[in-house]
Amino acid sequence: MHITHHTISLARHTLHRIDFDPATLTPGDLLWLPHHAELAAAGRKRQAEHLAGRIAAVHALQPFGSTAAPVIGAQRQPCWPPGLFGSITHCENHALAVVARHPIGVDSESLFSSELCAELTESIITSAERAVLEASGLPYPLALTLAFSAKESLYKAFSHRALPLPGFTSAAITHLDPRYLTLRFRATFSPQLVDQQATVYWQTDNAKVVTLAVS
């Protein structure tokens, strides 16, 4: 599969990005993965996304002395080496991965259209959160995309402390500026985290947003 690799710096972390062309994937490419048999029944696009994500993960793991692609865990999650935490995300034809010595979550999303904003707003944010987004001065499609992405990143970073499948209203956005969002946990995310706050950093990458949550 044809790929290109580059890095992104965000909140003092290095994110590894793999751009890939699914049309160039060959069956032999998957043999690089120790768990390639588990992908045999997946569609071509899913196989390409998974492979790109694992390639990005290996790049992210190398500074920590590891070169093995994370295998698939019981909950379909990547399994990271002891003492390390990581996160992988896919968006269209690119994948991002980050690794740290503390829980971390990354997400990438294509910028929402105005039509998609109208369709999704009520399922992503409350009226109070909408007021925060509108007060930020950012274009509303960008602000809503950030809200969605930040909540995805937050769940990835704090999934080890979260209730099963918390919804988008389980964390409330209380602040949004050109560098980061602040979110407050509700009891529906985790009774142990209720009313605590977390910071999610963000930046744009062409017509996409990238968010990073650190536990």
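In this predicted model, the loop that joins strand 2 (13-20) to helix 1 (44-61) contains L25. The relative accessibility of L25 is 6%, and this residue therefore counts as buried, the cut-off being under 20%. Apart from neighbours within four places in sequence, the contacts of L25 are M1, R44, Q47, A48 and L51. W202 is 177 residues away from L25 along the chain, and the C-alpha atoms of the two are separated by 31 Å.

Attention now turns to helix 2, which spans residues 114-124 and has C117, T121 and I124 as its buried residues. These residues lie on the same side of helix 2, because the arc they cover around the axis is only 90°. The other side of helix 2 carries the exposed residues E115, A118, E119 and E122. What do the buried residues of helix 2 pack against? Their partners are helix 3 and helix 4.

These two partners also pack against each other. Two packed helices are described by the angle between their axes and by the distance between those axes. For helix 3 (residues 127-135) and helix 4 (residues 140-158), the angle is about 125° and the axes are 9 Å apart. Helix 3 is therefore oblique to helix 4, and the crossing of the two is right-handed. On the helix 3 side, the contact is formed by E129, R130, L133 and E134, which meet Y140, A143, L144, A147 and K151 of helix 4. Sorted by class, this contact comprises five nonpolar and four charged residues, with no polar ones.

Technical notes. Residues are numbered from 1 along each chain as its sequence is written. This is a predicted model: local features need pLDDT of at least 70, side-chain atom pairs count only at pLDDT 80 or more; totals for chains, interfaces and linings use all residues. Side-chain values use heavy atoms; hydrogens and water are left out. Axes are lines fitted to C-alpha atoms, for helices over the stretch in contact, and angles run from 0 to 180 degrees between N-to-C directions. Helices (H or I, at least four residues) and strands (E, at least two) are DSSP runs, numbered from the N terminus. Angles under 35 degrees count as roughly parallel, over 145 as roughly antiparallel, 65 to 115 as roughly perpendicular and the rest as oblique. A crossing is left-handed if the near helix is turned anticlockwise from the far one by less than a right angle, and right-handed if clockwise. Contact means heavy atoms within 4.5 Å. Ala, Val, Leu, Ile, Met, Phe, Trp, Tyr, Cys and Pro count as nonpolar, Asp, Glu, Lys and Arg as charged, and the others, Gly among them, as polar. Buried means under 20% relative accessible area, exposed over 50%, partly exposed in between (1.4 Å probe, protein chains only). The arc is that of the directions from the helix axis to the C-beta atoms.
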